[in-house]
Amino acid sequence: MPKKISVVATTALMATLAAASLAACSSSSDDPDPAAGGTTSAAPGSVTLVTHDSFALSDGILDDFTAQTGITVKVVQQGDAGALVNQLVLTKDAPLGDATFGIDNTFASRAIDEGVVVPYTSAAPAAADAAQHSVGDGLTAVDYGDVCINVDHAWFTKKKLAEPTSLDDLTDPRYKDLLVVPNAVTSSPGFAFLLATIGAKGDDGWQAYWEALKKNGLKVADGWSDAYFTDFSGGGADGPRPIVLSYASSPPSTVPKGGGDATTGALLDTCFRQTEYAGVLAGAKNPAGAEKLIDFLLSDEVQADIPGSMYMYPVSKAVAIPADWEKFAPLATTPFDVDPAAIAANRATWLADWSQTVIG
Amino acid sequence: MSAPTLTRPAPAAAPSGAPVRGRRGGLAWFWVVAVALPLVFLGLFFAWPVVAMISRGFVVDGSLDLSGFADVFSRPRTWRIVGLTILQATVATTIAVLLGVPGAYVLYRRRWRGRAFVRALVTVPFVLPTVVVGVAFRSLLVSGGPLGFLHLDGTLVAIIAALVFFDYAVVVRGVGGMWERLDPRAEQAARALGASPWRAFRTVTLPALTPAIASSASLVFLFCATAFGTVLVLGGLQFGTIETEIWVQTTQFLDLRAAAVLSVVQLVIVGAALSLAGRARSRRERALALSSSASSVRPLTLRRAPGTPPRDGHGLALAAAGVTALVVVLLCLPLVNLVVRSLHVGDGWGLDHYAALGSTSGGMTVSVWTATLTSLRTALVATVLALVVGGLVALVVSRRPRAVAGRRAVAGLDALFMLPLGVSAVTVGFGFLLSMHEPFGLPIDLRTSGVLVPIAQAVVAVPLVVRTVLPVLRAIDPRLKQAAATLGASPGRVLRSVDLALATRSIGLAVGFAFAASLGEFGATSFLARPDDPTLPVLIFRLIGRPGPDSYGMALAASVVLAVLTAGIVAACERLRAPGSGGDW
Amino acid sequence: MIGLGLHDVVVRYPGLDAPAVDRVSVDVAPGEVLALLGPSGCGKSSLLRAVAGLEPLASGSVTWDGVSVADVPVHRRGFGLVFQDGQLFTHRDVLGNVAYGLRGSGQARVSELLELVGLAGYERRAVATLSGGERQRVALARALAPSPRLLLLDEPLSALDRSLRERLAVDLRAVLVATGTTAVLVTHDQDEAFAVADRVAVIAAGVLLQVASPPDLWRRPASREVARFLGYEAFVPASSAAAAPLRDLVPPGSGSVLALAEGAFVVDPVAPVAKGTVVGITSRRGRSEVRVDVPGIGPVTALGPVGARWAAGDVVGLGVDGDAVAALD
């Protein structure tokens, strides 16, 4: 027993010492030099990338960046795209890092308006491709994808029912109780689908459309994974609903193990295009490194890796798309579109109206 | 006694009459540190971030603006979510207590084969990431699922069931830890006075357990009132609580004003609940006669033990066992569902998802095993922090100062350290971003350094440690300490050789609880900016959100790993509880 | 003053108007055993706890060898304390309990003390396995181990059964004498106080009524209150006719009232000095105790022979026993 006590006592002592040293440090902090600006961990030769939880690149790719430039990359991630943007806004006086990746077109205006990013024009070969997705000076498009209604082919074949093809089909009583979508307030694909309907039905028509969806037995799940893996019949869990809001890139993952055709497909007339951007953070300690990193994100190496690791299409037209994507994950030719500035201006109103209409 | 031949020893051993100030000074220092260290910890890593975040919502252009209150309170939605928050938390807490008390009896007061396993098993839900539980739960309840016929999907009932699922273990462990060592003689005395087994339980045992029940109930209430993922996944926003609303306002709308108002409302509700529980506790909390569990724990048999008369409480024990068995089966349903689904590969079955856990393919930055190590390391640091801070708090709060002001201060300290459980993880997480950039001018950006992860987990684990250790410390008969003092033990030695020695017996429980909570912590962790070495729950969350072919199966497999890991650690800590021999606790 | 000194000690509890201990002064000489005797709730335990330093003094002082101990914390007073229920440390074995107050291991001292209290070889026993009597013996050994300059005993035998209590009282006295321990014993049991103590202090409602050696106390209670508590059950003016057979038993002029303890009258059919009517009969240790109504005195308890058989209403002859009669002022 005494042994145990001494362990407790020792631990307490150590913690006390730690606290004491912290306190000592604090008292020694005579006014920090504002001219020194940020300081922090950004040692020369390192760059901090602030991104969301879905950011991923294959093993070793960031090491290649270090090998090429001598700059090491520290990745800091938290939350989803929305949380990311809002955290960047909150911390813009003392930024969390040098570069950011993962701001999408639904949040782009907020980031630019709040001055989170500083203008940068990449000189990478793919920059011209990226420029086609431009939303403003501070953000460089890196990848994009379509959020579309997906259907379970197998289910419709079995039921001998024609598959829906358009947004309007979804309100058809033949498809009653078959659709599940993620919540527009809590899920970014959910919001993207709301934008698709706003793009399709106009600022004053979308509420009526959702009323009709609701009348036709719409189910709202919390997030994408919830809708896809629990409610959707084609997501591997044999859920009850054969129509789900997902991505254009989802069908390839339903190709059976032995090969063959995907058992699900995306309805390309129901899509909204999501584009993800990178940018140099205002107040970055290593803006030059951040710029290099953005160039690197547009390099063929990263661009080619994006479909496999982030399930998005690369902006670069120079890299090859995986074969099963070519076959089962084509992009929409004319996705619905909403102006980013309008999104920024109306996001709260739209979501409040949507909640009112759909959730009640 | 033998012949009184002993001679009086030299009186040199008798101390002089003059007090020795130096040693008392040392003890005074200890108490200063014991109060100051936790306060500094809480102030730095909880109060400061929260105040920083909330004040962002109330300070507009440098001046205080409280118009947010009028605005937010004029929305009918606000009142609905406040009502829903209280309703969900109250109902779930009540059910958790009603089910948890029999569970505590069966799992801690009775002995039977497999008890250790079941004890660990019921703790598993407590640490599973909400998103995993959401999936496991919803796929049971969704129409066409095994329990689809109940039509519970998307209902309030489903949310409450999930909240109970999460927090059942809190009641069982909290109450069981006390019950195990409750002297059975008081109940026996009541029986001898003509009380039926039920009446004896109701009038003697239950009042004695009240502090532990109130303690656990307040924990459960806080967990429920701040439940976030569960509510969203199972009910969606129509059953939104203050917590989900803060999340929406902060992460989606960046409406810091509304979020700040809601944070204050949350604090008020949590504060009210805490003071209510504190009152229930202090009315009952006093020196309880504790005995060794060896003497009070009896075997559980299905048939009445030979020689016991009928109506001697066997029915009551069986009823408790029945309820507990049912609860355990219900707890197992989502867990089994999880395991089954993790073995589902394509159209068949296999261990493929488990085999893939070591890989970093498909754009995963680290393998599940790496994340597991990260989780273990982080949880270890968090547990040590929580034990030191929580242990000190429990020690301070267990004092009974004579002065009324002193007693109030102690009670206030107790409630203060419960607050982290009742304050939104979003507020804390975002608050860290505002406060931890070069704190005190230190030239480090704590926000992205990664040290905040174990600290944030420790802040949440501290209340669990306090709630586990405190009832034991408070139940120590003050005369035991007086006896030690009259034997010449200095207050410091009394503290060590009585308070700490007895509290150490509950430390296994506290360690298990704190470790489990840290291991499964997701809320605060997920809102921290953190370097790219995700903990297991964070990795699971990432996996489940990826559209890739096998990532969903891997997420489920990783969840099973997390569950098994937790159960194993909790079981190991249970063993730690009974060190040495001699029929002690 | 040498030894323990209490001077006008007052103990108050918050929220109560009346003090629990009201201006008590008494001294205990080195090696002396003082009993604090009184009914439950009379403040004797509060006084003991105040001496130990466990209750704050509202006023007055506690001294040792003439020096106030007001500034000395409990653990440095060198005052041992034995509780009614022992308060053994359940997380330590017998050795761990007895050795608790010793510096160093003190194995030999523990064995010595265990032998002294009749528990030789009990070192490794868990306290949970001990009987009530054994527990109190361990508690006593534990309190004696650090050789306290004063031992405080708070109803140490009250939780035990009667025969054990009586035996332990004798043992306790023997141990205290053998070790030369100065002690203060709190008890509500007059027999226990008389068996263990050199002097007895009678306390009621927080006030010290009388301090005296057991025989002095018995022979000359200071008041009816003291006398009643000691077991005197009837009081009769010395000048009354009914007191005539009793008057000669006390020194002449020693008091105006005679107090009669149980057994002041003895059933004596041979040479009765008084008569009484039988009200009822009980038995104590084989002898009969006869409740008799004596004219002019009232109901008293008279001792009778073994196996006495009377019915209520019988008139019996009574003799007197001088040791059960005291004179009061």
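User: What makes strand E1 and strand E4 of chain C a pair?
Analyst: Two strands pair if DSSP finds at least two bridges between them. E1 (residues 4–11) and E4 (residues 59–64) of chain C have five bridges, in the antiparallel sense. So they count as paired. C:Leu6 stands opposite C:Val62 in E4(C). Helices (H or I, at least four residues) and strands (E, at least two) are DSSP runs, numbered from the N terminus.

User: What kind of model is this, and how is the numbering set?
Analyst: This is a predicted model: local features need pLDDT of at least 70, side-chain atom pairs count only at pLDDT 80 or more, and totals for chains, interfaces and linings use all residues. Residues are numbered from 1 along each chain as its sequence is written, while chains are lettered from A and ligands numbered from 1 in the order in which they are written.

User: Why are E2 and E5 of chain C at the edges of the sheet?
Analyst: The open sheet has four strands in the order E2-E1-E4-E5 (chain C), with antiparallel pairing. E2 (21–28) and E5 (67–68) of chain C each have a single partner strand, so one side of each lacks a neighbour in the sheet.

User: Why is helix H10 of chain A called largely enclosed?
Analyst: A residue is buried if 20 or more other C-beta atoms lie within 10 Å of its own, exposed if 12 or fewer, and partly exposed in between; C-beta atoms are placed from the backbone. Nine of the 11 residues of H10 (residues 287–297) of chain A are buried, so the rest of the structure largely encloses this helix. Among them are A:Gly289, A:Lys292 and A:Phe296.

User: How many residues of chain C are there, and what share is buried?
Analyst: Chain C has 329 residues, and 47% of them count as buried.

User: What makes a set of residues a nonpolar core, and which members touch the most others in the largest one?
Analyst: The set holds buried Ala, Val, Leu, Ile, Met, Phe, Trp, Tyr and Cys residues joined through C-beta atoms within 7 Å. The largest core has 405 residues, and B:Val465 and B:Ala514 touch the most other members. Helix H6 (residues 156–179) of chain B gives the largest share, 17 residues.

User: How do you know that this core lies between domain 1 and domain 2 of chain A?
Analyst: Domain bounds come from an automatic or database domain assignment. Domain 1 (7–145 + 274–314) and domain 2 (146–273 + 331–359) of chain A both give residues to the core, so it lies between them.
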